[in-house]
Amino acid sequence: MEEQRIPDRSLADKLWAVLKSLLTSPYLSLVLRLYIGVVFIYAGMHKIHSPLEFADTLADYRLLPHWSVNLVAVVLPWMELIAGMFLILGLRTKLAATILAILLAVFTGAILINVLRGEQISCGCFGLAEQLGWSDFFRDTIWLLGVVQIYFYDRIYLLHLRNPVYQKQ
C-alpha cells in the first residue's frame, strides 16, 4: 500500500501565513492606535490653535462652499483631537477608527483632486507650509489602511476594567 504524502507548504505559503498573522495582530493594532492617535492629536491641536489659518487653507482647496469653511475649520480639529485621544486610550476604538477613516478618505480625496488639478497650495495637515503633493496622498492612504486594520483587528484595551491587557471579541 502506497502512502500518500502531504506535500510541505511552499515558502510562499509560509510567508503568506506569517504576513497574515502580522497584519491581523492585535499588537499591530495597538501600535497603530498609538501612532495614529498621536498624529491626529498633534494635527488637531495646531488647527485648534490657529483656526483662521486653517480656514484659509480649507478655502484654498476650493471644495467646500464658502459658508461652510469656518464651521469646518472649527469642528474638524476637535473631531481629530477627540478621535485621536479615544484611539490612544482604547475607548470606543471602532467609533474613533470609523470617524478617522471617514476623515482620511475625505482628506485623501481632497488631496488627490488638488494634486491632479496642479494646485500649488499648502496641505494644512500639521500647520507647516508644506506644498501639497503625491507624498501627502500616499501618506494618507497608508494611514487609512492603518485605521482599517485597527477597526477590524483591535483587541487590546488599555483601560478595560475586566482585563486591562487583552480581550477577545
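Buried means under 20% relative accessible area, exposed means over 50%, and partly exposed lies in between, with a 1.4 Å probe and protein chains only. This is a predicted model, in which local features need pLDDT of at least 70 and side-chain atom pairs count only at pLDDT 80 or more, while totals for chains, interfaces and linings use all residues. Residues are numbered from 1 along each chain as its sequence is written, and side-chain values use heavy atoms, with hydrogens and water left out.

**Exercise 1.** Determine whether R33 is buried or exposed, and which backbone oxygen its side chain reaches.

*Solution.* R33 sits in helix α2, residues 26-49 (helices are DSSP runs of H or I with at least four residues, numbered from the N terminus). Its relative accessibility is 0%, so R33 counts as buried. The side chain of R33 reaches the backbone oxygen of L87 at 2.8 Å.

**Exercise 2.** Classify how α4 and α5 are placed relative to each other.

*Solution.* The axes of α4 (residues 66-89) and α5 (residues 93-117), which are lines fitted to C-alpha atoms over the stretch in contact, come within 9 Å and cross at roughly 140°. The two helices are therefore oblique to each other (angles under 35 degrees count as roughly parallel, over 145 as roughly antiparallel, 65 to 115 as roughly perpendicular, and the rest as oblique).

**Exercise 3.** State where L64 lies and which residues L64 contacts beyond its neighbours within four places in sequence.

*Solution.* L64 belongs to the loop between α3 (51-61) and α4, and because its relative accessible area is 33%, L64 is partly exposed. With those sequence neighbours left aside, L64 is in contact (heavy atoms within 4.5 Å) with L58, V69 and V72.

Note on methods
Polar contact = N/O pair within 3.5 Å; in protein donor to acceptor, adjacent residues only side chain to side chain. Axes fitted to C-alpha atoms, helices over the stretch in contact; angles between N-to-C directions.
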